[in-house]
Structures are given as structure tokens and as C-alpha cells.
Amino acid sequence: DDEGSEGGGGGAGENKQKEGEIHVVAQRKIKVYVVAEVVMEEILGYVLHRGCMLLASRSPLPSPSSLLSSIIKNNRNSDGDIDDEEPILIVIADHVANPENVGAMFRSALAFGAKAIIMDKSCSDPLYRKSLRSSMGAVTKLPFTFMLDLSSDIEEMKQMGFTVLALGLSPDSIPLSLFQYPKNKRVAIMVGNEGTG
């Protein structure tokens, strides 16, 4: 393997990482197939790819209330007790259909410490390749699910102690310079709609 040997890259650390990845593949009994590039392109349906692909079954997504309950339950202090003082930030996405915007939203949410993203059914699939690419992997690190009914799910979030805020461009919106963050430690910020703002 000469890759990474030029210019001082690679080395023992890279080899250890590869050994670890091979161990995970072997331990989980993941089948690996090596195929010609033309076969890869026939399977994928397009030419631009990174030389590998993965086929996996998806686990069923939790309901929004189940996801939030799990986050609250796992929000613990150093003593292991549920910490109501530790902030919980959730992002709610409404009609974010462009997959690259979905990926960027995941990337930004992760950077700002959000614990999850809850989307309405009109949002693009976060696991779509364009979403994954623009998220720079954030989709794989941030839990997400889809809402069945926007208004009832938001009402349920409020009952779970979340203050729900919405970003908007309407004339009666509060300017960010005057906005005061709520004292409540559980906050859900709604973003979107791509079409109507």
C-alpha cells in the first residue's frame, strides 16, 4: 500500500486505523465485494463516486416523543442523575426539501450542540447521498426522526417542557438583536419553510 507514503502522510497511525476498520468488518460479519469500476457504476447509476458503497437496512425511526424522552433520560450530570439544568437544543425542520440544505442544517445543528433534528414529512431524506455529502457526516452523528403531524407533535414537545421558537421573516418577528433566550433549558428551534419562509 503506497498510498499516503509520499509527502510524509499515512504511516503507522493510518495503518492502525485500517486494521481497526478491518476488525470491525470481520467482527460484524459484513460481506465485502471487490468489483470492477464499470460494475460499480452500473450498480450506482452514475459515474461520480468515491470507489466504495454500502448497502444496509435501516432501523425503524422512533416517534418524536420517544426520541425526546430518550434524550431527556440520557441528559445526565457527572453523578449520573438526570440534569434539568443542562440545556437541550432540538431543531425542528419544516418543508426543507432541498437535500443539500438538509445536509447543511445537520452540519450547523451539530456544530451548535443540538441533540436531535425532527423533520416534517416534506423534508428531504437525510440519508440521501447529497444530504450526507453536504452534512460532512453530521447526519450519522445526530439523531433524527420525522413528525406525523406538525401541530400535534409541537404541542407534545411543549408538554414535555420545551419552549418552541420559530425563525421567520414576518414583519412582527422579533429582531435577533432584541431576542432574549428563554430561561427554560429545553428549547426547540423551528427552521424552514424553503418555499414560504
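# Side chains, salt bridges and a pocket

Reader: Let me start with histidine 95: is it buried or exposed, or something in between?
Author: In this predicted model, histidine 95 counts as partly exposed, because its relative accessibility is 36%.

Reader: And where does histidine 95 lie?
Author: Histidine 95 lies in the loop between β1, which covers 88–94, and α4. As background, most residues other than glycine have a negative phi.

Reader: What about methionine 136, what is its phi?
Author: Methionine 136 has a positive phi of about 55°, although it is not a glycine. This methionine is found in the loop between α5 and β3 (144–146), and at 66% relative accessibility methionine 136 counts as exposed.

Reader: Changing topic, how many salt bridges does the count come to?
Author: The count comes to two salt bridges. In one of them, arginine 58 pairs with aspartate 125, with the closest N and O atoms 2.5 Å apart. Arginine 58 sits in the loop between α2 (37–44) and α3 (64–74), while aspartate 125 sits in the loop between β2 (116–119) and α5 (129–135), so this pair ties together parts that are 67 residues apart in sequence.

Reader: Which residue pairs with glutamate 100, then?
Author: Glutamate 100 forms a salt bridge with arginine 133, and here the closest N and O atoms are 3.6 Å apart. Glutamate 100 belongs to helix α4 (residues 99–111) and arginine 133 to helix α5, so the pair ties together parts that are 33 residues apart in sequence.

Reader: How accessible are glutamate 100, arginine 133 and aspartate 125?
Author: Glutamate 100 counts as partly exposed at 38% relative accessibility, whereas arginine 133 is exposed, with a relative accessible area of 53%. Aspartate 125, from the other pair, counts as partly exposed at 27%.

Reader: Now arginine 186, why does it count as buried?
Author: Arginine 186 counts as buried because its relative accessibility is 19%, and the cut-off for buried is under 20%. This arginine lies in strand β5, residues 186–192.

Reader: Which backbone oxygen does the side chain of arginine 186 reach?
Author: The side chain of arginine 186 reaches the backbone oxygen of methionine 160, at 2.8 Å. Leaving aside neighbours within four places in sequence, arginine 186 is in contact with several residues, among them Asp84, Met160 and Phe162.

Reader: Where is threonine 145, and is it buried or exposed?
Author: Threonine 145 has its place in strand β3, and at 1% relative accessibility it counts as buried. A polar atom of the threonine 145 side chain lies 2.4 Å from the backbone oxygen of proline 62. Not counting residues up to four places away in sequence, threonine 145 touches Leu61, Pro62, Ser63, Pro64, Leu67, Ile117, Ile118 and Met119.

Reader: Last topic, the second largest pocket: what is its volume, and which residues line it?
Author: The second largest pocket has a volume of about 350 Å³. Its lining is made up of Leu165, Ala166, Leu167, Gly168, Ser173, Ile174, Leu176, Phe179, Tyr181 and Ile189.

Key:
Residues are numbered from 1 along each chain as its sequence is written. This is a predicted model: local features need pLDDT of at least 70, side-chain atom pairs count only at pLDDT 80 or more; totals for chains, interfaces and linings use all residues. Side-chain values use heavy atoms; hydrogens and water are left out. On a 1 Å grid over the protein atoms alone, a cavity is a set of points where a 1.4 Å probe fits but cannot get out, and a pocket is an open set with protein on both sides within 12 Å along at least five of seven lines; lining residues have an atom within 4 Å of a point. Grid points are joined across faces, edges and corners, and a volume is the space filled by probe spheres set on the points. Helices (H or I, at least four residues) and strands (E, at least two) are DSSP runs, numbered from the N terminus. Buried means under 20% relative accessible area, exposed over 50%, partly exposed in between (1.4 Å probe, protein chains only). A polar contact is a pair of N or O atoms within 3.5 Å; within protein, one must be able to donate a hydrogen and the other to accept it, and residues adjacent in sequence count only if both atoms are side-chain atoms. Contact means heavy atoms within 4.5 Å. A salt bridge is a side-chain nitrogen of Lys or Arg within 4 Å of a carboxyl oxygen of Asp or Glu.
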